[in-house]
Amino acid sequence: MTVPKESKPLTNPIGLIPMNKPEFKVMQMTPEKAKQILVAKNRNNRSIRPSNLKRLTSAIENGEWKITNQGIAFDSEGNLIDGQHRLAAILQTGKTVPILVGTNMDPRIFDCVDTGTARTAGDGIDILGSNHGKTIAAAIKTYYLYTKWPKRPWSSTVTPTSAQIVKIYEDRKDTFEAVLSVLSKKHKNFRCFPKSVGLCFTMICLDAGWSDIQIWEFWDAVTLGANLTPDSAVLSFRNQLNNVEYRKRGWYASRFILNAFIVCFNKHVQNIPTIRFIAPRPDTDMYKIQKPEHKETSILEVIKA
């Protein structure tokens with residue numbers, strides 16, 4: 001392969017100096033430099049996909065590697081945000097190849113670049129600093145569908161794009177992360193519901209005006225089941241959640257479980273005696289959260305103040 005004359009050795013991608021705009025250069029990538037980047041600057045990227053890695057290593061070993069608009073990319077702090085499979089292939093083959101390097105890139109390019117393996121909204125959220133991108137993305141997807149389409153079936157025609165999901169996360173990043181942190185601890189006591197649905201439900205309660213303290217009281221009842229009266233809606237609901245088949249009802253399980261949580265919560269906060277909890281049918285319109293008569297001080301608000 002003929003290397004372009006303007007190509008220069010990649011000198012220091014680790015210590016990139018922030019620039020006013022993205023810059024692109026074709027550089028020689030050695031296996032040693034590829035390893036250095038993967039070890040030191042590959043934060044919050046996806047796990048390596050064996051099939052994608054094999055395709056790239058084969059191209060290098062068979063002399064089919066070409067410089068394209070798809071190379072590797074770093075953000076303004078020198079963190080790798082695209083190209084880990086290409087670097088891994090270079091390291092695995094032990095061969096130096098020319099590659100296009102972009103610096104000072106926006107981390108959100110995950111939704112725009114063609115990586116050879118589709119990036120998910122969870123990948124994008126992880127790139128923005130989360131360690132729970134998959135769970136949060138699933139929660140935001142359900143949250144979006146609940147708020148936008150409560151009275152129609154949820155299908156691919158109304159599903160949010162990865163960019164929309166990541167934008168919602170960015171707007172309320174601190175809240176999503178704080179809620180999931182507490183919810184994850186409570187989930188360990190009672191794993192009979194998806195954390196993504198629990199996160200979505202909690203965000204909906206916050207939107208309705210409930211404080212996190214009031215919401216956690218409900219979650220303690222659900223996850224611990226302590227001191228519940230025989231006619232408690234939560235007690236009956238807990239028993240049903242223990243049934244695996246119950247949690248799989250409906251063609252869109254997250255929708256069904258979320259609606260059931262909402263109905264249970266409404267009965268709980270209104271102290272409605274319920275010997276046998278009956279969840280809404282899977283094809284029922286989404287219920288609204290009961291508004292609080294009073295709102296207690298929110299820990300989240302105290303932290304933000």
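Author: Start with one pair. Arg172 forms a salt bridge with Asp207, and their closest N and O atoms are 3.0 Å apart. This pair links distant parts of the chain, 35 residues apart: Arg172 is in the loop between helix 6 and helix 7 (173–187), Asp207 in helix 8 (residues 195–207). This is a predicted model: local features need pLDDT of at least 70, side-chain atom pairs count only at pLDDT 80 or more, and totals for chains, interfaces and linings use all residues. Residues are numbered from 1 along each chain as its sequence is written, and side-chain values use heavy atoms, with hydrogens and water left out.

Reader: What is a salt bridge? How many does the structure hold?

Author: A salt bridge is a side-chain nitrogen of Lys or Arg within 4 Å of a carboxyl oxygen of Asp or Glu. The structure holds four.

Reader: Where do Lys186 and Asp220 lie?

Author: Helices are DSSP runs (H or I, at least four residues), numbered from the N terminus. Lys186 and Asp220 meet in a salt bridge, 2.6 Å from N to O. Lys186 lies in helix 7 and Asp220 in helix 9 (residues 212–224), so the pair ties together parts 34 residues apart in sequence.

Reader: Is Lys186 buried or exposed?

Author: Buried means under 20% relative accessible area, exposed over 50%, partly exposed in between (1.4 Å probe, protein chains only). Lys186 has 14%, so Lys186 is buried. Asp220, at 30%, is partly exposed.

Reader: Which residue forms a salt bridge with Asp171?

Author: Lys167 does, with the closest N and O atoms 2.9 Å apart. Both lie in helix 6 (residues 162–171), four residues apart, about one turn of the helix.

Key. Helix = DSSP H or I, 4+ residues; strand = E, 2+ residues; numbered from the N terminus.
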